[in-house]
Amino acid sequence: SMVGSLGYYATVFYVSGGNKIVGDNWQFWMGVAFMVGGLIGVPLHAALSHRIGKREAAVVACIIGIFGYGGSWFLYTPDIQWLQTIASGLMGMAAASLWMLHSSIGADIIDYDELSTKERREGSFTACASYILKLGNSLGYYFSGLILTWSGFTWKLQVQAPETILWIRSSLAFLPIFGLVVAIIFVLRVPLTKKKSEDIRRELEARRGTV
């Protein structure tokens, strides 16, 4: 939500020079690129997760996201406006892939929890995950408003101040990179490798049968 808001304003007031009609047109094509990236990313990372493991595939998705968001600093340019669709496509690929993989990794964690506690607690894990996602979306909208306020952004100006645009572009490029680096650190700390997850599944099925 925060990235989407900042990307919108960066498109309208930097790439399109404050022209909202042109900016909205590019928002449409960026949305198409985001969707296409997601459609490509899901089967790609599904195959990758079977080949190298879910953790490693999630790290690859994070790295693609880093290239997408970091690349926005160079690809959001008034000189060649269509380049921003490349950044949007990479963002979509990373977002869709991580959305798929985090749920799949969560299922492995639930299996591990059952093996350790002898209780199946999908409801508790799902409720916590849902709460965290909603909290993240809420904070994203909140901080996007704060960033725009701190940057000095105002709708009253057709052309924003250079320092305002710099704030928006910097936030769009570097805040998601920080979050993705943190995500990589947490993902790599999950001890459930592909082999270990398969061993846990076999042990659970031997204990209680298949589900």
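Guide: The protein chain has seven helices and zero strands. Helices here are DSSP runs of H or I with at least four residues, strands are runs of E with at least two, and both are numbered from the N terminus. Along the sequence the pattern reads α-α-α-α-α-α-α. Of the 211 residues, 39% count as buried; buried means under 20% relative accessible area, exposed over 50%, and partly exposed in between, with a 1.4 Å probe and protein chains only.

This is a predicted model, in which local features need pLDDT of at least 70 and side-chain atom pairs count only at pLDDT 80 or more, while totals for chains, interfaces and linings use all residues. Residues are numbered from 1 along each chain as its sequence is written, and side-chain values use heavy atoms, with hydrogens and water left out.

Now the pocket. The second largest pocket has a volume of about 330 Å³. A pocket is an open set of points on a 1 Å grid over the protein atoms alone, where a 1.4 Å probe fits, with protein on both sides within 12 Å along at least five of seven lines; lining residues have an atom within 4 Å of a point. Points are joined across faces, edges and corners, and the volume is the space filled by probe spheres set on them.

Twenty residues line this pocket, and the closest to its centre are Ser 49, Lys 54, Ser 104, Asp 108 and Lys 194. Two or more lining residues come from each of helix 2 (20-52), helix 3 (54-75), helix 4 (84-117) and helix 7 (194-208). Helix 4 gives the most, with six residues. By type, the lining divides into six nonpolar, six polar and eight charged residues. Nonpolar covers Ala, Val, Leu, Ile, Met, Phe, Trp, Tyr, Cys and Pro; charged covers Asp, Glu, Lys and Arg; the others, Gly among them, are polar.

Next, the loop between helix 4 and helix 5 (122-151), where Lys 118 lies. Phi of Lys 118 is near 65°, a positive value in a residue other than glycine. Lys 118 counts as exposed, at 67% relative accessibility.

Helix 5 holds Ala 129. Ala 129 is partly exposed, at 31% relative accessible area. Ala 129 and Ser 103 are 26 residues apart in sequence, and their C-alpha atoms are 9.1 Å apart in space.

Last, helix 6 (residues 162-189) contains Arg 169. The backbone oxygen of Trp 73 lies 2.4 Å from a polar atom of the Arg 169 side chain.

Conventions. A polar contact is a pair of N or O atoms within 3.5 Å; within protein, one must be able to donate a hydrogen and the other to accept it, and residues adjacent in sequence count only if both atoms are side-chain atoms.
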